[in-house]
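User: Please take a close look at the surroundings of the ligand for me. I'd like one connected walk through that part, with the residues that matter for the picture placed in their elements and domains.

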Amino acid sequence: MDLIKLFSDILPAVRIISKDDLLEKYSTDESLIHFSQPLIALLPKSTEEISKILKTAYDNDVTIVPRGLGTGLSGGAIPVKPSVIVSTELMNNIIEIDRENMMVVTEPGVITGELQRAVESAGLFYPPDPASLDSCSIGGNVAESSGGPSAVKYGTTRDYVRGIEFVTPNGTVMNFGGKVRKDATGYNIKDLLIGSEGTLGIITKLTLSLIPLPKFKYDMLIAFDSIDAAVKGVIEILKSSIKPSTIEFMEKRAIEAAKEFLGNEMPVQRGEAHLLIRLDGDNVDEIEERMLSASELVKRLTLHEILVAENAAQQEKLWKGRRSLHDAMMEMSVKREREDVVVPISRLPELIMEVHKLEEKFNVPIISFGHAGDGNVHINIIKTKGDTGEFDRYINEINTGILETAVKLGGKLSGEHGIGLFKKEFMHLVFTKEEMRLQREIKRVFDPKNLFNPEKMFPNE
Ligand SMILES: Cc1cc2nc3c(=O)[nH]c(=O)nc-3n(C[C@H](O)[C@H](O)[C@H](O)COP(=O)(O)OP(=O)(O)OC[C@H]3O[C@@H](n4cnc5c(N)ncnc54)[C@H](O)[C@@H]3O)c2cc1C
């Protein structure tokens, strides 16, 4: 089938990508795994164009894979079968910042960090802050139900989505929710679409709620002599009235990798593990009081001095370090796999302990960091330059061990990166056959021909 011809009535030639070298970027995401090059990539600029593309594709049995900005880590935007990519990268306009209702209406291709800065300049705050915020799209965040460090206090993307316009696989435009803060009208399709990983349709417009921008923020970096003490620190702080907006956990080896990667910009203190804690609010005295309480609390668990970043430059240094961990891990690895499991916070110490047992058993470095404040850690399994075959020999056992442990502890396979291609074979650990069947039937209602982002989320039947 001549795909260029098929879509040329809908899009101008410059927005139909067909050259091999340009298509390469659409063949993978940040997981960097390749299956097959897409047949073509389409760059629509409006809901109407997406609707026509999907209707044409559906009528002609063409497989579609939706894509935002390709920073996903679970392979959701990777084409597996011969497919046409529909990228929302040119749908990058913020439509309206509504100060009265404290909402923003936006196209899906807007970069999350840009959306945050735009609403901040209007004195408002959109808290979800994935570490990739300067390179991922807001539509991708909704499709993945993304989180970030500030989820401890402010919740994840899901908590801010009020309305979704989306196009079904057969090209029908639908709207659910709107500029309302509560809604008990009909089934909650909006929430079904959040986290649906591009398997049910393409999100074309979003209404997101905002909150007032906190006036002040302080960051503290606390070193602990053991991972166990750091994790106990997390639990103590969460049980107190300190109300941190973030509690990020970093193993010493992660912080050292960031230091190496950034060329000494990360202040490394002594200790085996660190917590990066942010406190924010509108009253400096009250924040300082909370900081003092946090220091008193953790003093029982650590003898190390606590580093407080009070100005923007110091804060940027700490957060640059935290946000560089993904790249820093990449830099130190010949190959790397990662898990993004989430467990009840009280079970975090057991999770970390079990992960270390796997590390010792298989002699493969496993380094953890992440959103300890909500029980979600990123576990990096590293193939180093000195690896003598252990990584390739044991990687499946290690991945399985981590996922099984998380589920055994009452946790889930993914806290925020999604299932995509890489965790689908483990869904049986979490769901019964009937629970899987229900979800597959939902997919069939939206996509009876299974043409829309196939092979994702669930193993083949
Ligand atoms: C350095 C780094 C740090 C990261 N940190 C975090 C973090 O802290 N928290 C976190 O949650 N994630 C994190 N991620 C993962 C990633 O950035 C998020 O999953 C992000 O939401 C993906 O957005 P994207 O625009 O790049 O989507 P893509 O990668 O393009 O797509 C992701 C999935 O969403 C679907 N999709 C995209 N747009 C749409 C749409 N408009 N309609 C329907 N489906 C769509 C795709 O089909 C695919 O299944 C990180 C990634 C990197 C590389």
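**The ligand and its surroundings**

The protein is assigned four domains: domain 1 (3-87), domain 2 (94-212), domain 3 (216-326) and domain 4 (333-408); these bounds come from an automatic or database domain assignment. Before we dig in, bear in mind that this is a predicted model: local features need pLDDT of at least 70 and side-chain atom pairs count only at pLDDT 80 or more, while totals for chains, interfaces and linings use all residues. Residues are numbered from 1 along each chain as its sequence is written, and side-chain values use heavy atoms, with hydrogens and water left out.

Let's start with who sits around the ligand. There are 35 residues in that shell, and Pro66, Thr71, Gly72, Ser132 and Ser137 come nearest (a residue belongs if one of its heavy atoms lies within 4 Å of the ligand). Domain 1 (3-87) and domain 2 (94-212) each supply at least three residues to the shell. Sorted by class, the shell holds 11 nonpolar, 19 polar and five charged residues. In that count, Ala, Val, Leu, Ile, Met, Phe, Trp, Tyr, Cys and Pro are nonpolar, Asp, Glu, Lys and Arg are charged, and the others, Gly among them, are polar.

Now for the polar contacts, meaning pairs of N or O atoms within 3.5 Å. A polar backbone atom of Ala131 sits 2.8 Å from an oxygen atom of the ligand. With Gly140, the distance from a polar backbone atom to a ligand oxygen is 3.4 Å. Ile203 pairs up with a nitrogen atom of the ligand, again through a polar backbone atom, at 2.9 Å. How much of the ligand does the protein bury? The answer is 96% of the 970 Å² that the ligand exposes when taken alone, with accessible areas from the Shrake-Rupley method and a 1.4 Å probe.

Which elements give two or more residues to that shell? They are β3 (64-67), α5 (138-144) and β10 (202-209). The top contributor is α5, with five residues. Helices here are DSSP runs of H or I with at least four residues, strands are E runs of at least two, and both are numbered from the N terminus.

Setting aside neighbours within four places in sequence, Pro66 is in contact with Ala77, Val86, Gly198, Ile202, Phe452 and Asn453, where contact means heavy atoms within 4.5 Å. Gly76 is 10 residues from Pro66 in sequence, and their C-alpha atoms are 8.6 Å apart.

What about Pro454? That residue lies in the segment after α15 (433-446), and at 6% relative accessible area Pro454 is buried. Beyond its neighbours within four places in sequence, Pro454 is in contact with Thr63, Ile64 and Lys81.

Back to α5 and what follows. Ser145 is in the loop between α5 and α6 (151-154). Its phi is near 55°, a positive value in a residue other than glycine, and Ser145 is buried, at 14% relative accessible area. Asn363 also has a phi near 55°, but Asn363 is exposed, because its relative accessibility is 53%. You'll find Asn363 in the loop between α13 (348-362) and β17 (366-371).

Leaving out neighbours within four places, Gly163 is in contact with Phe176, Gly177, Gly178, Lys190, Lys205, Leu206 and Thr207. Ser137 is 26 residues from Gly163 along the chain, and 17 Å separate their C-alpha atoms.

One more stop is Glu49, in helix α3 (residues 47-59). Glu49 counts as buried at 15% relative accessibility. A polar atom of the Glu49 side chain lies 2.7 Å from the backbone nitrogen of Lys45. Not counting residues up to four places away, Glu49 touches Ile10, Leu11, Arg15 and Pro44.

Finally, zoom out to the neighbouring domain. Eight residues of domain 2 are in contact with 11 residues of domain 3, and the centres of domain 2 and domain 3, taken over C-alpha atoms, are 29 Å apart.

How values were computed. Buried means under 20% relative accessible area, exposed over 50%, partly exposed in between (1.4 Å probe, protein chains only). A polar contact is a pair of N or O atoms within 3.5 Å; within protein, one must be able to donate a hydrogen and the other to accept it, and residues adjacent in sequence count only if both atoms are side-chain atoms.
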